[in-house]
Each structure stands twice: as structure tokens, then as C-alpha cells.
Amino acid sequence: MTGFPRIKSYMIVAGLCLLLCAGRGLAGDAALPERIILNLTETPFSSQAVTWRTREKGLSPRAEIIPVSDLLNPEIRPGAFPALSTPVALDDKTGVFQHSVVFSGLLPGTVYAYRVGEDPAWSEWNQFKTAQDQPEPFTFLYFGDVQEEVFSMCSQVFRVAFQKEPEARFWLFAGDMVDNGPDDRLWGDFFSALGWISRTMPLVPAAGNHEYPDPRKTTADQRRITSLWRPQFTLPENGPEGLEETVFRFDYQGLRVVVLNGNEKIPEQALWLEGVLSNNPQAWTIVVIHQPAYPISQRKTHTDFQDLLVPVFDRHSVDLVLQGHDHGYARTVSLKNHQPVSEKDKGVVYIISNSGPKFYPPGDRYDHLMARTLSRTISFQSVRVEDNILQYRAYTLAKETVDAFEIRK
Ligand SMILES: [Fe+2]
Ligand SMILES: [Fe+2]
């Protein structure tokens with residue numbers, strides 16, 4: 001007798017649960033947006049790219065956006081942007097749908113809330129801030145190779161970096177974000193390690209050699225960047241033909257950033273770079289490329305970089321070249337024509353960073369060019385760009401500063 005009401009209340013709770021779960025289950029997990037990633041566009045003061053994926057196709061995937069100051073105003077409806085959707089085959093024989101939206105017509109220096117999905121499977125509301133449409137001081141972060149133990153070890157790097165510089169405006173990755181680019185599970189680890197950070201912090205990725213298939217297992221004509229790259233990022237398509245979304249440029253509050261692809265077509269990129277830097281109204285210029293011009297490992301030097309790219313960097317007084325690949329840390333003194341120069345000669349500073357736990361034995365070929373080297377260190381870097389000064393700092397996992405310098409104009 002006494003058990004009856006209790007059973008009844010259990011049934012009511014179970015029934016409620018079923019209803020609630022069914023409400024969510026109408027869409028099901030297959031419709032829920034995953035891997036929501038912000039990327040910068042060519043005009044970050046007026047537009048913003050977002051990419052996500054779902055397991056099922058969906059009827060009308062889209063993104064909604066509203067200035068965060070209007071989010072709670074019932075009179076103002078969010079703007080809706082239909083997604084471009086594309087099916088992507090994964091190497092485990094399953095598939096996903098990748099969706100992308102470029103929000104346009106945004107106001108500069110404004111915090112927006114956005115969400116992606118469709119009824120009833122929406123993401124949470126996330127935020128981003130557009131760039132100003134003129135020079136203004138800001139900070140961005142730069143990471144070298146993450147590549148191995150991405151979930152177990154690099155989650156920590158990302159969390160510490162976010163704590164250190166929560167107001168950074170974008171995160172720049174110098175390539176080898178995963179160990180094997182065609183393996184979607186490794187990208188899953190990378191985006192899991194980032195957690196919600198990629199939903200609020202725009203990523204600027206450069207392509208490393210590990211974003212290409214293993215050369216030991218593929219023929220030359222199969223050496224194309226992983227087919228996952230372009231669907232999972234939405235990057236500026238303003239690079240040379242055939243290198244869309246791996247070679248691109250954008251301007252951000254007084255800084256020109258040029259991302260190169262050190263894996264292929266270097267002569268074409270040198271030519272394109274010459275044009276991009278000849279017509280550059282920004283006070284500061286940073287180039288990102290995975291493979292270093294002056295290696296610190298025992299691997300061979302990319303002589304084509306030294307012959308074709310370095311003269312362009314020199315001619316246009318690029319301020320910093322941010323690199324990875326050598327699984328160590330190094331910063332050169334100011335260089336011109338492969339030689340140290342004084343500050344007034346406006347040379348180029350080359351940095352190699354390593355943000356993961358894989359380390360290579362160091363080589364000493366270019367020790368005479370180095371201002372600072374570190375061995376067996378995981379680091380991340382902040383770069384603060386102001387009117388007449390650029391401040392650079394490298395941090396360890398313990399948030400200790402292990403390298404710092406400034407460039408003054
Ligand atoms: Fe690497
Ligand atoms: Fe590499």
C-alpha cells in the first residue's frame with residue numbers, strides 16, 4: 001500500500017524525463033552543432049566567419065547574430081544568415097556535414113552574440129568582438145606545434161594561455177596542430193582541447209607539413225592538404241590560385257598579417273607576397289609560415305625560403321616571422337640578408353615556437369643568429385601591437401616569462 005504512491009511518483013518523474021529527453025531528441029545528437037570555430041576574415045572590422053558540423057544534414061542550418069547589448073531586448077530580433085553546407089567523408093567511412101557562415105555588415109569594435117544550428121538544435125549563444133576599423137592597441141597569441149598529446153597535454157596550454165591573455169583578439173597557430181591531418185579523430189582531440197575557446201576566440205591557422213598526408217605513405221600527386229582543412233575552417237580566399245585558405249592576408253588595427261604555406265608553390269607565394277607587401281598601408285607586418293627559414297633542429301635548411309622569401313621579407317621590413325616545425329624555441333636577432341643588423345636597419349626577427357610536448361635534438365647551424373633559444377620547453381607567446389611599439393613575450397605552462405623583447409618604430 002505504502003509503496004503505491006512512491007511508484008506513481010517514480011512513473012511521473014520517468015514520464016517527465018522521457019518528454020524532456022524526447023524534446024531534445026526531436027533533433028537528436030546528430031543534429032546538434034559540434035566543433036564551432038571562429039575564424040577571421042579579410043575584413044575583421046565588419047565581418048566574422050564561423051564554421052560548425054553536424055552528423056545529419058539538417059533542413060535549414062543557419063547562424064543568428066545580434067549585438068550583445070540587444071540580446072535581451074524582446075523588440076529586436078537577431079539577424080539570420082543561412083549556412084553553406086557541404087558533406088565531408090571521414091576516413092572511418094562515416095561522414096559529417098560542415099556548415100559555414102560569414103556574418104557581414106557588422107559594426108567595428110562591437111561585441112556580438114551568435115548561435116548556430118536550427119530549430120530545435122541550437123548551440124548556446126557565444127560572443128565575439130569585431131576589430132576596430134583603424135589602428136588601436138591589441139594583443140594576439142601565437143602557438144607553435146601542438147601536434148602530439150594534443151588532448152592530454154595541450155588542453156593545459158590553451159587554458160593557461162586563455163587565463164593569461166583573456167582579452168587577446170585572435171589565436172594564431174603556426175601549423176602542425178595535429179600529427180596526421182587526414183585523421184579526423186586527431187582534429188577531434190584538437191577541438192576538444194580548445195573546448196569553448198574556439199567559439200569565442202577567432203583562430204588563424206597556418207598549414208604545417210602534418211596537415212598534409214605522410215609523404216612516406218603517399219605519392220607526390222597525393223600530397224594535398226587534408227580534405228578536412230577547407231570544410232572545417234572558413235579563411236580568407238585572397239591568396240594565390242590553388243592555395244586558397246592556406247595562403248591569405250588580413251589587416252587588424254594597424255597590423256598586416258600574412259599567412260604562407262611552407263609546403264608547396266614557394267615561388268608563386270614569393271611573387272604574391274611581393275605584391276601584398278608593396279601595397280601595405282599598415283604600420284606593422286607579421287608573416288606566419290610553418291617551416292623556419294633558419295632551422296634549430298638538425299633537419300635540412302629550406303634553401304628556397306632563404307633564396308625566395310627572405311629577400312621579400314627584407315625588402316619590405318617585415319617585423320616578425322612566426323614559425324614552428326623544429327620542436328624547440330628560438331628567436332633571432334634582427335636580420336637582413338641572413339646577417340645580424342642594428343635596430344635602425346629595420347631587420348626581420350624570426351621566431352620558432354613549440355607549444356606541444358614533442359622535442360627534437362637541437363642543431364647549431366644558426367646559433368650565431370640567435371638572441372634566445374630554449375630546449376625542451378612548451379611555450380605560448382603574446383604579441384601586443386601599439387602605435388610605435390610591439391611587445392613580445394613567451395610564456396611557459398607555469399605562466400613564467402621566458403623570453404621578451406620590443407620593437408620600436
Ligand atoms: Fe611539427
Ligand atoms: Fe612540421
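This is a predicted model: local features need pLDDT of at least 70, side-chain atom pairs count only at pLDDT 80 or more; totals for chains, interfaces and linings use all residues.
Side-chain values use heavy atoms, without hydrogens and water, and residues are numbered from 1 along each chain as its sequence is written.

The side chain of Glu42 meets that of Arg249 in a salt bridge (3.8 Å, N to O). Arg249 is in strand β13 (residues 248–252) and Glu42 in the loop between β1 (34–39) and β2 (48–54), so the pair ties together parts that are 207 residues apart in sequence. Helices (H or I, at least four residues) and strands (E, at least two) are DSSP runs, numbered from the N terminus.

## A link between two helices

A salt bridge also joins Arg315 and Glu274, with the closest N and O atoms 2.8 Å apart. This pair links distant parts of the chain, as Arg315 belongs to helix α6 (residues 303–315) and Glu274 to helix α5 (residues 266–278), 41 residues apart. Arg315 is exposed at 52% relative accessible area, whereas Glu274 is partly exposed at 23%.

## Other salt bridges

The whole structure holds 19 salt bridges, each being a side-chain nitrogen of Lys or Arg within 4 Å of a carboxyl oxygen of Asp or Glu. Among them is the pair Asp214 and Arg216, whose closest N and O atoms are 2.9 Å apart. Arg216 is exposed, at 75% relative accessibility. Salt bridges also link Arg35, Arg53 and Asp184 in a network.

How values were computed. Chains are lettered from A and ligands numbered from 1 in the order in which they are written. Buried means under 20% relative accessible area, exposed over 50%, partly exposed in between (1.4 Å probe, protein chains only).
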